2 protein chains.
Amino acid sequence: MTEMSQRRRPGPRGTLSDQMILDAAQSLLSDGGARAVTIRGIAARVGVAPNAVYTYFPGKAAVQQALVERLLSEVDLDRLTERTHPWRQRLQALALELRTDLLSHPGAVSLLLSGRMDGPNALALRERLLEVFADAGLTPDDAARASHVFVTYALGSIALEAAQLEHSGPPPPEDERVATRLVGFTAAASDRYPRTAATAAAMARYITTEQFLWGLTRVLDGLTRQGSAAHPRGGPTRP
Amino acid sequence: MTEMSQRRRPGPRGTLSDQMILDAAQSLLSDGGARAVTIRGIAARVGVAPNAVYTYFPGKAAVQQALVERLLSEVDLDRLTERTHPWRQRLQALALELRTDLLSHPGAVSLLLSGRMDGPNALALRERLLEVFADAGLTPDDAARASHVFVTYALGSIALEAAQLEHSGPPPPEDERVATRLVGFTAAASDRYPRTAATAAAMARYITTEQFLWGLTRVLDGLTRQGSAAHPRGGPTRP
DNA sequence: GCCCTAGTTTATACATCGTACAAATTTCTG
DNA sequence: CAGAAATTTGTACGATGTATAAACTAGGGC
């Protein structure tokens, strides 16, 4: 009576738990993308009637949210705060790890972006980010803002890349994808979009680890400049 | 025979067209979010059997893609290249316009992020962005990369904000949302996430026009620094 | 050691979705 | 004025999320 919320499963068959459901959900996500993460699919993979899932989660949204939390739990937070490496390198490693992990399950990003990102693992990640940006010399408030910008850039990049991947059947090698995009750009653009055509080679290379890192470096450059409140040059909000 | 692809509708009732379908789709998007954009819903709103939609679009995905194109067609591209204002101000105005437009239809961003963004309007937007970044003094290649970073930051920010909005029923005023998030953070974080709790006020202000502009300014700062290929400080790819 | 209760699982069911197929209807063309 | 072609619809199938009530299994009190 004292701790009835901690009891596990006094029910009929002990074969089932939140973790098994999430295992199945993650497995479906890896195999068939976000669209394959379905209540009935999960139940089938565990060998259970669809409604059994509703004992552990109030609905599909809750499963998705818990799945996001599980994905976040896999990122290596300890490496983020190891002071043996410079803070830039740590942030870059984190961003690359996120990119690799999320792109390996196609469609995982859409779950992340549609979720609230307020679970314990999401908060833990934010906490570590604040620490890193404090190492970079930012004030606590600026560190908070900067970490949000960092997350925004990382997730936004990954989402845009994932969108390209999902629309092209089986994931081809990166070189081939670049070539495909290059052809598309130059063909359609030609005379109507001269600048686009001129830099088609560069634009086709969007979907590239290199472009991801290029942008990340620039974003971090902007985030760690001196002068927090005022803007060094150009018009801030309205002249 | 010469131009049979240009023929419109020699069929039965002339009452129907791509535009009407997209009108209905956009209306549904505004009213009920991305989830409400459904083939049957569109058909019902136009007063037509669901299958009639398939005459003009091969499937739901095509409708969504065309809807994205329509949304992009509403952004004011001319203001982007008017040299009477400085380039920073133009980019800021575009970002704010995108944010307002996309947040007004809840769920529009998810469509944008899941689409390929390779229609004529998307290309036109990219072309203009290249022009603006050329005004900012970037080389063509850097302008291409920079415009992609710009789009990434804008869409990523808006997507994260939209996710928060969708999970909180009717959209409350911005102040109230900030308060809600503040309570959530301080309650859950307290001792386990000290930095998060300390800057809870700043973090709760994430969902704010101010934070959006703060980040945009920093991103643009980083994008328009001199030194295109080499990285001014910190480790670039790997030491 | 046994029954009762509480939590678990299932069966069935309903509403909704995307979309395939063939028949019917209407407009354009010759 | 017909024939043809394109459009629209009726019907249908499979899949989805989830509500409701019944069946079942395990643990606790006597």
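This is a predicted model: local features need pLDDT of at least 70, side-chain atom pairs count only at pLDDT 80 or more; totals for chains, interfaces and linings use all residues.

Modeller: From the N terminus on, the elements of chain A run α-α-α-α-α-α-α-α-α-α-α.

Biologist: Why is helix 1 of chain A called roughly perpendicular to helix 2 of chain A?

Modeller: Helix 1 (residues 18-32) and helix 2 (residues 39-46) of chain A pack at an angle of about 110°, and their axes are 9 Å apart. Angles of 65 to 115 degrees count as roughly perpendicular, and therefore helix 1 of chain A is described as roughly perpendicular to helix 2 of chain A. The crossing of these two helices of chain A is right-handed.

Biologist: Which residues of helix 1 of chain A meet helix 2 of chain A?

Modeller: On helix 1 of chain A they are A:Met20, A:Ile21, A:Ala24, A:Ala25, A:Ser27 and A:Leu28. Their partners on helix 2 of chain A are A:Gly41, A:Ile42, A:Arg45 and A:Val46.

Biologist: How do you know that the length of helix 11 of chain A agrees with its number of residues?

Modeller: Helix 11 of chain A (residues 209-223) has 15 residues, which at 1.5 Å a residue should span 21 Å. Its end C-alpha atoms are 21 Å apart, so the two values agree. For helix 4 of chain A (residues 87-104), with 18 residues, the reach from first C-alpha to last is 26 Å, close to the 26 Å expected.

Biologist: Why is helix 11 of chain A described as largely enclosed by the rest of the structure?

Modeller: A residue is buried if 20 or more other C-beta atoms lie within 10 Å of its own. Of the 15 residues of helix 11 of chain A, 12 are buried, and so this helix is largely enclosed. Among them are A:Trp214, A:Gly215 and A:Asp221. In chain A, buried residues make up 39% of the 239 residues.

Biologist: Why is B:Gly137 called exposed, whereas B:Ala134 is called partly exposed?

Modeller: A residue is exposed if it has 12 or fewer such neighbours, and partly exposed if its count falls between that limit and the 20 needed for buried. B:Gly137 has 11 other C-beta atoms within 10 Å, so B:Gly137 is exposed. B:Ala134 has 17 inside 10 Å, and therefore counts as partly exposed. B:Gly137 lies in the loop between helix 6 (120-135) and helix 7 (140-166) of chain B, and B:Ala134 is in helix 6 of chain B.

Biologist: How far apart in space are B:Gly137 and B:Arg225?

Modeller: The C-alpha atoms of B:Gly137 and B:Arg225 are 9.7 Å apart, although 88 residues separate them in sequence. B:Ala134 and B:Gly47 are 87 residues apart along the chain, and their C-alpha atoms are separated by 48 Å.

Terms used
Residues are numbered from 1 along each chain as its sequence is written. Chains are lettered from A and ligands numbered from 1 in the order in which they are written. Helices (H or I, at least four residues) and strands (E, at least two) are DSSP runs, numbered from the N terminus. The expected span of a helix is 1.5 Å times one less than its number of residues. Axes are lines fitted to C-alpha atoms, for helices over the stretch in contact, and angles run from 0 to 180 degrees between N-to-C directions. Angles under 35 degrees count as roughly parallel, over 145 as roughly antiparallel, 65 to 115 as roughly perpendicular and the rest as oblique. A crossing is left-handed if the near helix is turned anticlockwise from the far one by less than a right angle, and right-handed if clockwise. Two residues are in contact if their C-beta atoms, placed from the backbone, lie within 7 Å.
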